[in-house]
Amino acid sequence: MLIRHAPDLKDCDVTDKALYLRRREFLTAGAGSAAGFMLPLGAAQAAGLAYKPGVVKTDEKLTPKEDVTTYNNFYEFGTDKSDPAKNAGTLKPRPWSVVVDGLCDKPKTFGIEDILKTYPLEERIYRLRCVEAWSMVIPWIGFPLRDLLKAVEPQSKARYVAFQTLNDPKQMPGQRSGVLDWPYREGLHINEANNNLAILAVGLYGDVLPNQNGAPIRLVVPWKYGFKSIKSIVRISLVEKMPKTTWNMMAQDEYGFYANVNPKVDHPRWSQAKERRIGEFNRRPTLMFNGYGEQVASMYAGMDLRRFY
Amino acid sequence: MRAPKDGAPRSMLWRDRFIGWIIGAFCAAPALWLIYRLFNDQLGANPVEALIRQSGVLALQMLLVTLAVTPVAKIARQPWIIRHRRTIGLWAFATVLMHLSSYLFIDKEMDWAEIGKDILKRPYITIGMAAFVMLVPLAITSLDRIRRAMGPHRWRRLHQLIYVIVPAGVLHYYLLVKADHRPPLVYAGIAALLLGWRAWSFYAKRRPPIKRSA
């Protein structure tokens with residue numbers, strides 16, 4: 001079969017490099033004027049988010065924003081990967097609040113605006129590796145999860161963190177079907193939650209999160225398969241026991257609680273040794289912990305990763 | 001294209017041939033459309049995945065259409081439709097080939113070791129591959145010369161393999177779906193209907209006619 005090689009990128013798909021390198025000037029200018037004139041939040045959003053650029057960088061090529069925002073697994077808006085971009089318009093990311101409760105001394109409900117005001121935002125360019133063997137490189141805007149957890153003063157009994165997505169079929173029409181057990185649930189060990197790489201993201205490519213990417217606030221844990229990075233979070237609970245997680249409940253032998261990216265442990269239905277980077281034609285080898293071993297491997301020292309997949 | 005039975009008017013042959021071409025064009029169009037979109041960046045962010053998925057669904061649809069030819073012709077009492085079954089079946093085979101080659105050559109990049117492991121370890125691939133292997137002799141024996149050499153009885157026996165191939169294709173689809181099993185179940189329902197009709201008509205033929213009370 002004849003295949004045109006590399007159907008991926010044309011020159012016109014890429015923001016001109018010179019322009020791209022100056023993007024922060026525009027953003028800073030936008031944020032500055034927003035603050036200066038005390039414009040309502042809407043205007044600040046339109047101008048992008050104020051953040052510290054390049055806190056985590058990579059020399060890998062970014063996945064085009066078009067692909068990042070049109071190729072999504074977000075079953076709350078349909079099971080096809082093009083569905084979320086089409087259907088997520090019904091989600092209302094403002095007003096929004098996140099309950100942080102459980103085993104902590106100061107449980108609190110955070111309004112999304114409070115969060116944006118309280119926590120300094122950083123740009124972190126992470127690889128995202130989906131359990132379906134494709135990957136992207138995404139410039140997220142967010143802040144470390146541990147900063148938010150610190151505010152509620154977790155108790156020593158708290159060993160895990162449980163997350164929940166919004167459960168509202170009116171806003172999330174996919175929840176009318178029973179393809180998953182709603183609401184979507186995810187979880188981390190407390191050490192994982194406190195790892196510097198674990199962030200709550202509120203934006204990507206300099207702007208607020210599009211609905212289909214998990215607006216207004218989502219988890220990003222880049223050393224784990226994408227389904228761990230739960231979207232549109234409404235509740236974060238500190239708990240003692242390992243929480244139930246959606247895909248694990250669906251198929252225990254296919255989706256483990258840890259779900260660390262691991263080229264040596266296959267998904268029962270496909271190999272995880274290689275991945276297809278979105279925008280590239282040939283597959284590339286998958287890296288252990290998605291290439292973040294230096295930062296995370298010590299948390300799993302001595303653990304049988306074949307058993308705790 | 002088979003010639004009409006002896007004694008049929010010559011115009012019939014031309015009409016048949018013409019209808020055959022139209023049917024062929026309809027069968028080829030979706031696959032060609034898929035290839036067109038592949039080459040024009042219209043298959044989204046992950047064109048390889050889209051190609052495999054869409055060609056697979058298309059192949060299954062084509063096999064079901066092939067399986068529907070006989071019941072439709074019999075129920076509608078339009079036996080001429082059956083003369084076009086081979087055209088449809090061969091296009092179904094071509095679509096299956098497209099699906100399989102996009103897996104072998106594009107997705108797996110001819111990494112035969114990995115493909116071998118896939119076939120052995122992953123039931124949905126084992127089943128899909130088995131269905132393909134069964135389909136090959138059906139395509140080959142569609143050649144007039146071979147078909148005639150086989151004789152109608154043996155030919156029909158062999159082609160009854162399609163009753164195994166289609167459920168295998170549906171199962172192949174069902175097993176690879178992550179969570180939303182509704183689409184493969186729809187195809188399972190259609191396949192069950194088409195196979196059920198055959199079982200029913202086979203059974204009805206063998207039963208002695210029932211006396212109806214006036």
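A:Tyr205 lies in the loop between strand E8 (199-204) and strand E9 (207-208) of chain A. Helices (H or I, at least four residues) and strands (E, at least two) are DSSP runs, numbered from the N terminus. Although A:Tyr205 is not a glycine, its phi is positive, about 50 degrees. A:Tyr205 is buried, with 21 other C-beta atoms within 10 Å. Here a residue is buried if 20 or more other C-beta atoms lie within 10 Å of its own, exposed if 12 or fewer, and partly exposed in between, with C-beta atoms placed from the backbone.

This is a predicted model, in which local features need pLDDT of at least 70, side-chain atom pairs count only at pLDDT 80 or more, and totals for chains, interfaces and linings use all residues. Residues are numbered from 1 along each chain as its sequence is written, and chains are lettered from A and ligands numbered from 1 in the order in which they are written.

A positive phi also occurs in chain B. B:Glu109, a residue other than glycine, has phi near 50 degrees. B:Glu109 sits in the loop between H3 and helix H4 (112-121) of chain B, and is partly exposed, with 13 other C-beta atoms within 10 Å.

**Chain A**

Chain A has 10 helices and 13 strands. Of its 309 residues, 44% count as buried. Among contacts in chain A between residues at least 6 apart in sequence, 70% join residues at least 24 apart; two residues are in contact if their C-beta atoms, placed from the backbone, lie within 7 Å.

The largest nonpolar core has 75 residues, of which A:Leu200, A:Ala201 and A:Val202 touch the most other members. Such a core is a set of buried Ala, Val, Leu, Ile, Met, Phe, Trp, Tyr and Cys residues joined through C-beta atoms within 7 Å. Strand E5 (residues 134-144) of chain A gives the most to this core, with six residues. Leaving aside residues up to four places away in sequence, A:Ala201 touches A:Trp140, A:Ile141, A:Gly142, A:Leu209, A:Arg218 and A:Val220. A second, separate core of 24 residues includes B:Val69, B:Ile88, B:Phe93 and B:Ile127. In soluble globular proteins, nonpolar side chains tend to be buried together.

A:Pro222 belongs to the loop between strand E10 (218-220) and strand E11 (233-239) of chain A. With 26 other C-beta atoms within 10 Å, A:Pro222 is buried. Its contacts, not counting residues up to four places away in sequence, are A:Tyr126, A:Arg127, A:Leu128, A:Leu197, A:Asn290 and A:Tyr292. A:Pro222 and A:Ala198 are 24 residues apart in sequence, and 7.4 Å separates them in space, C-alpha to C-alpha.

Two cis peptide bonds can be listed for chain A.

| Cis peptide bond | Omega | Loop holding the proline |
|---|---|---|
| A:Arg94 and A:Pro95 | about -15 degrees | between helix H5 (83-87) and strand E2 (97-102) of chain A |
| A:Trp182 and A:Pro183 | about -5 degrees | between strand E6 (160-165) and strand E7 (185-189) of chain A |

**Chain B**

Chain B comes to nine helices and zero strands. Its C-alpha trace spans about 60 × 45 × 35 Å along the principal axes. Buried residues make up 25% of the 214 residues in chain B. Of the contacts in chain B with a separation of 6 or more, 62% are between residues 24 or more positions apart.

H2(B) and helix H9 (residues 182-206) of chain B pack at an angle of about 25 degrees, with their axes 10 Å apart. That makes H2(B) roughly parallel to H9(B). Axes are lines fitted to C-alpha atoms, for helices over the stretch in contact, and angles run from 0 to 180 degrees between N-to-C directions. Angles under 35 degrees count as roughly parallel, over 145 as roughly antiparallel, 65 to 115 as roughly perpendicular and the rest as oblique.

The axes of helix H8 (residues 162-176) of chain B and H9(B) come within 9 Å and cross at roughly 165 degrees, which means that H8(B) is roughly antiparallel to H9(B). H8(B) contributes B:Tyr163, B:Val166, B:Pro167, B:Val170, B:Tyr173 and B:Tyr174 to the contact, and H9(B) contributes B:Pro184, B:Tyr187, B:Ala188, B:Ala191 and B:Leu195.

**Between the chains**

The contact between the chains takes 17 residues from chain B and 21 residues from chain A. On the side of chain B that touches chain A, helix H2 (47-75) and helix H3 (85-107) of chain B are the elements that give two or more residues. H3(B) gives the most to that side, with three residues.
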